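Here is my note on this entry, written point by point. Please keep the sequence and the 3D view open as you read.

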Amino acid sequence: MTLLQIMLKSLTEIIELNGKRLMNFKNSRILKLAAVITVMIIAAYCFLSINKCTQRSIFAMDTYMEITAYGWNSKKAADKAIDEICRLEDMLSTEKTDSEIARINQTKSVNISDETAYLISKSNEISKSTQGAFDITIYPVMRAWGFGSGEYRVPDSVEIKELIKRVDYTRIEYDEAAHKLSIPDEVEIDFGGIAKGYTSDKVAEIMQQYGIKSAILNLGGNVKAVGSKLDGSKWKVAVKSPCDSAQYMGILSVNDTCVITSGGYERFFEKNGKKYHHIIDPDTGLPADSGLISVTVVCNDGTKADALSTALFIMGNEKAQEYWRKHKTEFDMILMDSNEHIYVTEGIEDDFESQYYSVEIIK
Ligand code: ADP
Ligand code: MG
């Protein structure tokens with residue numbers, strides 16, 4: 001029998017007793033007892049509903065994703081979140097031949113959805129502010145390296161020189177009135193550096209729609225914390241160590257924000273003893289070699305955090321710090337350089353703890 005059925009039964013018994021006007025001493029005691037039990041059951045039911053936890057996981061966008069939501073509506077919210085992830089994967093994946101992005105790359109001039117238009121405009125914004133370190137027209141270079149298809153190879157310098165001529169976000173044209181996006185024949189787009197951040201924003205919106213006050217969304221290392229933990233304390237997000245996948249570089253405590261990490265250790269291949277990773281410097285066409293081995297961006301806006309983590313990883317420590325000083329109201333960051341030294345911006349200094357590494361505060 002469910003809690004709700006027990007509650008209803010108790011209530012019915014009270015009403016029946018009242019109906020028969022059995023108000024002698026014995027029955028009034030039974031009545032009181034029934035009322036107390038009913039209140040206790042209602043309280044227990046409410047408590048259990050608020051604390052109800054639902055977990056869902058899925059392999060999507062080439063990574064393992066996990067949703068944990070709390071609240072009486074958490075099952076519905078988590079199921080809807082999984083649907084949303086699938087919808088966005090179908091829409092944004094470069095590798096799916098019928099996705100909106102694949103259609104853009106194939107036909108070069110196409111009417112696009114408001115969501116794609118939003119992502120194009122966000123990408124352009126970050127591209128401009130990072131002097132092109134983030135550039136969604138990187139796709140021809142990505143493909144030449146075999147990222148996406150998994151057929152890895154090391155393109156020679158002549159090929160790379162030709163390919164980087166095709167990388168230039170300023171050649172993307174968007175006619176807002178007609179919703180029409182146009183790119184030159186040789187240009188191709190890849191949302192791989194921004195799609196998961198956007199997805200985390202959309203999933204967080206779903207949590208809000210379902211009244212979820214506490215959830216943690218882990219989209220393959222792209223974490224979005226919704227509200228706080230049930231007991232009101234901050235979520236503790238473990239930031240992976242780029243040196244050892246079984247270890248963490250530190251723990252960050254957050255409420256209601258995104259924690260998004262880019263690192264060369266996430267996706268790479270090895271050839272002749274050398275590692276080649278998937279974050280490409282548009283200036284060289286090579287896997288970025290800036291001296292940073294991990295960049296974590298902390299920002300309410302997951303879309304921005306995702307694009308920024310990729311860009312700052314390419315820009316390197318000095319330029320990333322310079323960038324942060326100009327935009328410090330927008331985000332915080334945790335950098336790790338190849339000497340395994342950590343740099344943390346002052347906004348999150350009190351919320352970050354590292355057991356194993358030395359930490360310097362960026363002011
Ligand atoms: P992850 O996808 O592992 O979370 P990132 O967010 O850093 O890591 O994104 C890496 C992806 O971004 C690559 O797989 C590729 O699709 C895309 N990408 C690589 N280099 C660039 C770049 N310079 N600008 C924009 N996107 C890039
Ligand atoms: Mg990114």
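This is a predicted model: local features need pLDDT of at least 70, side-chain atom pairs count only at pLDDT 80 or more; totals for chains, interfaces and linings use all residues.

The points below go from the overall picture to single residues.

1. **Overall picture.** The protein has 10 helices and 19 strands. Of its 363 residues, 38% count as buried. Now look at contacts with a separation of 6 or more. Residues 24 or more positions apart account for 59% of these contacts.

2. **Helix α10, buried side.** This helix covers residues 317–326. Which of its residues are buried? They are A320, Y323 and W324. These residues sit on the same side of α10, because they cover an arc of only 100° around the axis.

3. Turn the helix around. The face turned away from the buried side carries E318, E322, R325 and K326, which are exposed. What do the buried residues of α10 pack against? Their partners are one helix and several strands: α9 (302–315), β15 (292–299), β16 (332–337), β17 (342–345) and β19 (359–362).

4. **Strand β15.** β15 is one of the elements that the buried residues of α10 pack against. This strand is mostly covered, with eight of its eight residues buried. It pairs with β10 (residues 258–263) in the antiparallel sense, over six bridges. In that pairing, V259 stands opposite V298 of β15. β15 also pairs with β16, again antiparallel and over six bridges. There, T296 stands opposite I334 in β16.

5. **A sheet of three strands.** Find β8, β9 and β18. They form an open sheet in the order β8-β9-β18, with antiparallel pairing. Which strands are at the edges? They are β8 (235–240) and β18 (352–353), and each pairs on one side only. β9 covers residues 248–254, and two bridges join β9 to β18. I251 has E353 in β18 as its bridge partner.

6. β11 spans residues 268–271 and β12 spans residues 274–277. The two strands run antiparallel and are joined by four bridges. K271 stands opposite K274 in β12. How many residues lie between the strands of this hairpin? There are two, and N272 takes a positive phi near 45°.

7. **Positive phi in loops.** Most residues other than glycine have a negative phi. Q131 is not a glycine, yet its phi is positive, about 50°. Q131 lies in the loop between α5 (114–129) and α6 (139–145). It counts as partly exposed because 14 other C-beta atoms lie within 10 Å. D256 is not a glycine either, and its positive phi is about 45°. D256 lies in the loop between β9 and β10. With 13 other C-beta atoms within 10 Å, D256 is therefore partly exposed.

8. **Residue K304.** Look for K304 in helix α9. Is it buried or exposed? K304 counts as buried, because it has 23 C-beta neighbours inside 10 Å; the cut-off for a buried residue is 20 or more. Leave aside its neighbours within four places in sequence. K304 is then in contact with K122, I126 and C299. K304 and Y198 are 106 residues apart in sequence. In space, they are 8.1 Å apart, C-alpha to C-alpha.

9. **The shell around ligand 1.** How many residues surround ligand 1? The count is 23, and the closest are G192, G193, S262, E266 and T310. By class, the shell has nine nonpolar, eight polar and six charged residues. Which element gives the largest share? It is α9, with four residues. Two domains also contribute: domain 2 (95–182) and domain 3 (234–362) each supply at least three residues to the shell.

10. **What to check in the viewer.** Begin with α10 and find its buried residues A320, Y323 and W324. Then move to β15 and follow its pairing with β10 and with β16. Finish at ligand 1 and pick out its closest residues, including S262 and T310.

How values were computed
Residues are numbered from 1 along each chain as its sequence is written. Chains are lettered from A and ligands numbered from 1 in the order in which they are written. A residue is buried if 20 or more other C-beta atoms lie within 10 Å of its own, exposed if 12 or fewer, and partly exposed in between; C-beta atoms are placed from the backbone. The arc is that of the directions from the helix axis to the C-beta atoms. Two residues are in contact if their C-beta atoms, placed from the backbone, lie within 7 Å. A residue is near a molecule or strand if its C-beta atom, placed from the backbone, lies within 6 Å of it. Ala, Val, Leu, Ile, Met, Phe, Trp, Tyr, Cys and Pro count as nonpolar, Asp, Glu, Lys and Arg as charged, and the others, Gly among them, as polar. Domain bounds come from an automatic or database domain assignment. Two strands pair if DSSP finds at least two bridges between them.
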